[in-house]
Amino acid sequence: MNKNICFFNSNKAWGGGEKWNHHFSLLLRDQGYNVFVVTNHKSELKARLENEPGITLHSEPIGNLSFLNPVLMGRLKSFFQANNIQTLITALPSDLKSGGIAAKRAGVNRVIYRRGIAVPVKNSLLNRYIFKNVVDRLIVNSLETKRTVLANNSELIDESKIRQIYNGFDVAEFDKQKFSPLYTPENGEVVIGNAARLTAQKGQKHLIECAKILKDKGLNFKILIAGKGEMEQELKDYATALDVNDRVSFLGFIKDMKSFHASQDIFCLPSLWEGFGYALVEAMTLEKPVVGFNISSNPEVVADGETGILVPVEDTEKLAVALEKMILDVELRKKTGAAGRQRVLENFNTPLVLRKLVEVVEE
């Protein structure tokens with residue numbers, strides 16, 4: 001059997017999708033596959049894979065309209081043919097258009113589109129063509145992502161081509177990482193953590209409003225917000241306006257997530273939608289109870305009332321009530337935290353997910 005597989009991800013920044021491509025390209029290499037990875041020229045994924053043995057890199061200046069560039073498409077087709085690629089795994093919609101179409105022209109056996117965002121696919125003529133004629137398998141990272149893919153057209157892709165595979169989390173690797181807390185609590189304060197891009201989608205505004213509610217109730221807590229993004233200054237100004245600067249600290253981008261999660265007692269992710277809440281799984285692996293909105297894939301990750309608390313979306317009052325409950329009950333935090341780790345082991349641990357991915361590749 002041909003074991004030549006190519007991951008195709010043109011995103012320049014680093015996020016959950018790039019983490020997935022990085023992780024599984026290395027894991028499939030270790031399974032004996034010949035792994036190729038196509039990236040953009042200036043890409044964080046490319047930088048992190050450059051010194052990895054057994055990974056062949058190729059970069060192109062890929063954008064949303066690259067599929068209309070005959071020279072670039074010709075180079076991609078030649079690359080796939082020269083390396084006898086039999087399976088292509090694409091990441092972004094633009095990657096599916098350029099990489100997927102070029103792969104079909106090159107005679108690649110299987111084009112897989114992995115979709116990691118719970119956002120509807122436009123019911124355009126081009127998308128209908130691609131999902132019918134280019135995509136051989138669609139991998140969705142949650143049932144919610146599957147629902148949203150089909151929201152605008154329930155017949156966009158044949159049901160038999162869809163495979164649901166949760167994002168893998170390497171518990172054994174995470175357990176091995178050394179860590180040292182980034183923050184030392186003062187006077188017995190309970191620490192609430194949040195880690196996400198500082199954007200409207202991630203809902204940090206609601207967490208800052210919770211800080212106001214909890215402070216007015218006289219509760220002893222500290223909120224640590226990790227991440228960068230276009231709303232950084234706006235959120236800092238909001239914390240100032242609500243007079244909670246003494247309770248909310250913005251830590252900027254944190255690379256050492258284990259140390260960050262080890263610094264907290266509760267993890268709160270008030271996102272308005274999620275493809276798959278990777279940060280929730282990280283926190284649960286460290287036995288941290290989680291609190292968030294009952295949206296998208298969150299109910300698939302968090303067992304409400306068992307591994308954390310989910311409340312109606314954008315209901316800041318109920319979010320504050322859930323956080324207050326966790327702040328005041330240390331036994332509840334221990335119990336839900338332990339249940340969270342068990343849920344990760346049973347549903348999201350990398351060996352389970354890798355096995356499912358290999359099954360799709362070898363179908």
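Which residues does S94 touch, not counting residues up to four places away in sequence? Select S94 to begin: S94 touches S10, G63 and N64, where contact means heavy atoms within 4.5 Å.

The model is predicted, and local features need pLDDT of at least 70, side-chain atom pairs count only at pLDDT 80 or more, and totals for chains, interfaces and linings use all residues. Residues are numbered from 1 along each chain as its sequence is written, and side-chain values use heavy atoms, with hydrogens and water left out.

**First stop: helix α4**

S94 lies in helix α4; helices (H or I, at least four residues) and strands (E, at least two) are DSSP runs, numbered from the N terminus. With a relative accessible area of 10%, S94 is buried. Buried means under 20% relative accessible area, exposed over 50%, and partly exposed in between, with a 1.4 Å probe and protein chains only.

Next, select S98, which also belongs to helix α4. S98 is buried, at a relative accessible area of 0%. Leaving aside residues up to four places away in sequence, S98 touches F8, I62, S66, F67, M73 and L76.

**Second stop: α4 against α5**

Now display helix α4 (residues 93-106) together with helix α5 (residues 125-133). Their axes come within 11 Å and cross at roughly 45 degrees. Axes are lines fitted to C-alpha atoms, for helices over the stretch in contact, and angles run from 0 to 180 degrees between N-to-C directions. The two helices, α4 and α5, are therefore oblique to each other; angles under 35 degrees count as roughly parallel, over 145 as roughly antiparallel, 65 to 115 as roughly perpendicular and the rest as oblique.

To see the contact, select L96, K97, I101 and K104 in α4, which meet L126, I130, F131 and N133 in α5. The residues of this contact divide into 5 nonpolar, 1 polar and 2 charged. Here Ala, Val, Leu, Ile, Met, Phe, Trp, Tyr, Cys and Pro count as nonpolar, Asp, Glu, Lys and Arg as charged, and the others, Gly among them, as polar.

From S98, proceed to M284: the two residues are 186 apart along the chain, and their C-alpha atoms are separated by 37 Å. Helix α11 (residues 278-285) packs with helix α14 (residues 330-347) at an angle of about 115 degrees, their axes being 7 Å apart. Select V281, M284 and T285 in α11; these meet G337, G340, R341, R343 and V344 in α14. The contact of α11 with α14 comprises 3 nonpolar, 3 polar and 2 charged residues.

Select E287, in the loop between α11 and β12 (290-293). E287 has a positive phi of about 60 degrees although it is not a glycine. Its relative accessible area of 41% makes E287 partly exposed.

Then select D243, placed in the loop between α9 (232-241) and β10 (248-252). The phi of D243 is near 60 degrees, a positive value in a residue other than glycine. D243 is exposed, with a relative accessible area of 51%.

**Last stop: a pair of cysteines**

How many disulfides are there? The count is 0 disulfides, a disulfide being a pair of cysteine sulfur atoms within 2.5 Å. Select C210 and C268 to finish. The sulfur of C268 is 6.3 Å from the closest cysteine sulfur, in C210, too far for a bond. C210 counts as buried at 0% relative accessibility, and C268 is buried with a relative accessible area of 0%.
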